[in-house]
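Please look over the model shown here before reading the briefing that follows.

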Amino acid sequence: MKTVKEVSRITGVSVRTLHYYDEIGLLAPTKVSEAGYRLYDEKALEKLQQILFFRELDIPLREIQRIVNHPLLAKEEILKQQKIALNRKKMHLERVIAGIDQILRGEKQMNFEVFQKEDVEKLFETFVKNAPEPVLEAAVQEFGSEEAFRRNYVEKAFQAYNRPENRQILLEAYGSKEGVMDAAQNPPGKEGVEQMQKQTDQVMKRLVACKRSGLAADSLEAKLLAGEYGLAMKRLGGLKEERQLMTGIADTYSQYPQAREALDGQYEEPGIAAYLAAAIRAFYNV
């Protein structure tokens, strides 16, 4: 059981919001202790994950309540809301394409935020602080000293971060250079990582059930599960937009046999990696 403060820390949902969800009957705590503390079990956390996913689609709380309490009665509404969300993404992409057309016509220059050497130095300090000891020992051994390792890290990271294509992906994902720096310097704690792993594991098990029941990867059920997977990754990484990350995950399972074999073996379901990749592409319309 987790207290409301622990749930807030893990999910990023404020204590006040969790109290409000309880008040309106959307998400009641599993039990209330003798001291009056709200306590939540894993089933309640899974329900909260679904609520957060539907909030990402801008579905009103009243409709979310109807969906989570009567999931079999609300598929048409989910489809409508998903269509709205996808149209929003389509409009965003059209604006990006229009901007690129303007650049090609010479009407304006692309405005990229540049990462400075000082920024990358800060990232290195964060890496040293959080990296496992064996990783640091191996790096120092490879480069001869920690200073040589630092110089190599800073130089390569500086070049990588400032490649236009990489900057564009990072800024789209995090919203700003400051967002990138904040996420890199404040990695999620062990508890947050464990919770994300539980959430993605639950999603994968439900995806396996979808595949075994004969549902196509682009079925509503499979696409919604891909969306839940993306939301868990988005919250873990502090992303503003997880689309690029999820596309990368789909590409990894599509292009690398070893990655497919590892995921297929983990869930003892041949083809589940390819199924996940297809569901991701269907949900994000890529």
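What pLDDT does the protein average, and what share of the residues score at least 70? The protein averages a pLDDT (the predictor's confidence in each residue, from 0 to 100) of 79, and 79% of the residues score at least 70. This is a predicted model, in which local features need pLDDT of at least 70 and side-chain atom pairs count only at pLDDT 80 or more, while totals for chains, interfaces and linings use all residues. Residues are numbered from 1 along each chain as its sequence is written, and side-chain values use heavy atoms, with hydrogens and water left out.

**Confidence**
- Mean confidence is lowest in helix 5 (residues 75-104), at 65, and highest in helix 15 (residues 272-284), at 93.
- Over residues 108-112 pLDDT stays under 50, and the model has 8 contacts beyond four places in sequence for them, a contact being heavy atoms within 4.5 Å.
- Where pLDDT is low, the predicted coordinates should not be read in detail.

**Overall make-up**
- The protein has 15 helices and 3 strands, which are DSSP runs (helices H or I, at least four residues; strands E, at least two) numbered from the N terminus.
- Of the 286 residues in the protein, 37% are buried, meaning under 20% relative accessible area with a 1.4 Å probe, protein chains only.

**Helix 13 and helix 14**
- The axes (lines fitted to C-alpha atoms over the stretch in contact, with angles from 0 to 180 degrees between N-to-C directions) of helix 13 (residues 243-255) and helix 14 (residues 257-266) come within 5 Å and cross at roughly 100°.
- Helix 13 and helix 14 are therefore roughly perpendicular to each other, a term for angles of 65 to 115 degrees.
- Thr252, Tyr253, Ser254 and Gln255 of helix 13 make the contact with Pro257, Ala259, Arg260 and Leu263 of helix 14.

Key: Buried < 20%, exposed > 50% of the residue type's maximum accessible area, 1.4 Å probe, protein only. Parallel < 35°, antiparallel > 145°, perpendicular 65-115°, else oblique.
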